[in-house]
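I'd like to walk you through one chain, starting with the overall layout and then going residue by residue. Here it comes on the screen.

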Amino acid sequence: MAGRKKKAVTEGFSSFEPYKEKKSEEYMSTGQREHFRNILSAWKKELMEEVDRTVHHMQDDAANFPDPNDRASQESEFALELRTRDRERKLIKKIDEALEQLNAGDYGYCESCGVEIGIRRLEARPTATQCIDCKTLDEIREKQMRG
């Protein structure tokens with residue numbers, strides 16, 4: 001069951017054909033924007049379907065077990081599913097933000113320094129908002145503040 005949940009989170013953008021750049025094609029061309037719009041939309045659709053499945057599963061499987069251990073096990077399972085759905089809900093919000101950036105023409109550029117994030121990085125993480133250098137610096141700063 002846990003494997004199914006993980007698959008739903010990543011499957012939306014792992015089952016696409018990598019973008020084949022054309023010679024002298026500008027960054028975030030119409031074709032590239034459409035490529036990422038398709039990836040993000042498919043990913044969001046899969047996450048939404050998983051949310052629906054969870055709701056139906058919880059409604060169908062909800063039972064009032066007389067045995068406290070059975071009831072506790074069910075509550076624990078439901079709590080785990082709800083935490084997973086909450087992470088997916090946050091991911092859906094990031095996908096929506098990425099789609100808004102696409103529509104505004106800002107998608108694919110680092111929010112910190114403005115450079116191109118890069119096609120391959122965006123294919124690996126379509127909701128990325130920073131180039132690899134800025135993201136690495138943020139992680140180093142975060143680690144230093146914790147340590």
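So, the chain has five helices and zero strands, and reading along the sequence you get α-α-α-α-α. Keep in mind that this is a predicted model. There are 147 residues in the chain, and 31% of those are buried. The accessible surface comes to about 9,900 Å², with 52% of that belonging to carbon and sulfur atoms. And if you take contacts between residues at least 6 apart in sequence, 61% of them join residues at least 24 apart.

Let's talk rings. How many aromatic pairs does the count come to? Two. One is Y27 with Y109, an edge-to-face pair, 5.3 Å centre to centre with 85° between the planes. Y27 sits in the loop between helix 1, residues 2-14, and helix 2, residues 30-61, while Y109 sits in the loop between helix 3, residues 68-104, and helix 4, residues 119-124. On accessibility, Y27 has 15% relative accessibility, so it counts as buried because the cut-off is under 20%. Y109 is at 31%, which makes it partly exposed.

The other pair is F36 with Y107, and that one is tilted: 5.5 Å centre to centre, 50° between the planes. Buried or exposed, for F36? Buried, at 0% relative accessibility. Y107 counts as buried as well, at 2%.

Leaving out neighbours within four places in sequence, Y107 is in contact with M28, F36, L40, A98, Q101, L102, L122 and P126. In general, for soluble globular proteins, nonpolar side chains tend to be buried together. In this model the largest nonpolar core has 22 residues, and the ones with the most contacts inside it are M28, F36, L40, I95, Y107 and L122. Helix 2, helix 3 and helix 4 are the elements that give two or more residues to this core. Which helix gives the most? Helix 3, with six residues.

Now, M28 is worth a stop for another reason, and that's the backbone. As a reminder, most residues other than glycine have a negative phi. M28 is not a glycine, yet its phi is positive, about 55°. M28 lies in the loop between helix 1 and helix 2, and it's buried, with a relative accessible area of 6%. S24 also has a positive phi, near 55°, and is likewise a residue other than glycine. S24 lies in the loop between helix 1 and helix 2 too, but S24 is exposed, with a relative accessible area of 79%.

Q32 is in helix 2, and at 1% relative accessibility it counts as buried. What does the Q32 side chain reach at 2.5 Å? The backbone nitrogen of M28. Setting aside residues up to four places away in sequence, Q32 touches Y19, E21, E25, E26, Y27 and I119.

Last topic, the cysteines. Searching the whole structure turns up zero disulfides. For anyone who wants the reminder, a disulfide is a covalent bond between the sulfur atoms of two cysteines. C113 is in no disulfide, and its nearest cysteine sulfur, the one on C134, is 3.7 Å away. Why doesn't that count as a disulfide? Because the sulfurs would have to be within 2.5 Å. C113 is partly exposed, with a relative accessible area of 42%. C131 is in no disulfide either, and the nearest cysteine sulfur to C131 is again that of C134, 3.7 Å away. C131, at 6% relative accessibility, counts as buried.

Methods
Residues are numbered from 1 along each chain as its sequence is written. This is a predicted model: local features need pLDDT of at least 70, side-chain atom pairs count only at pLDDT 80 or more; totals for chains, interfaces and linings use all residues. Side-chain values use heavy atoms; hydrogens and water are left out. Helices (H or I, at least four residues) and strands (E, at least two) are DSSP runs, numbered from the N terminus. Buried means under 20% relative accessible area, exposed over 50%, partly exposed in between (1.4 Å probe, protein chains only). Contact means heavy atoms within 4.5 Å. Accessible areas come from the Shrake-Rupley method with a 1.4 Å probe; for residues, only the protein chains shown count as cover. Rings of Phe, Tyr and Trp (its six-membered ring) pair if their centres lie within 6.5 Å; planes under 30 degrees apart count as stacked, over 60 as edge-to-face and the rest as tilted. A polar contact is a pair of N or O atoms within 3.5 Å; within protein, one must be able to donate a hydrogen and the other to accept it, and residues adjacent in sequence count only if both atoms are side-chain atoms. A nonpolar core is a set of buried Ala, Val, Leu, Ile, Met, Phe, Trp, Tyr and Cys residues joined through side-chain atoms within 4.5 Å.
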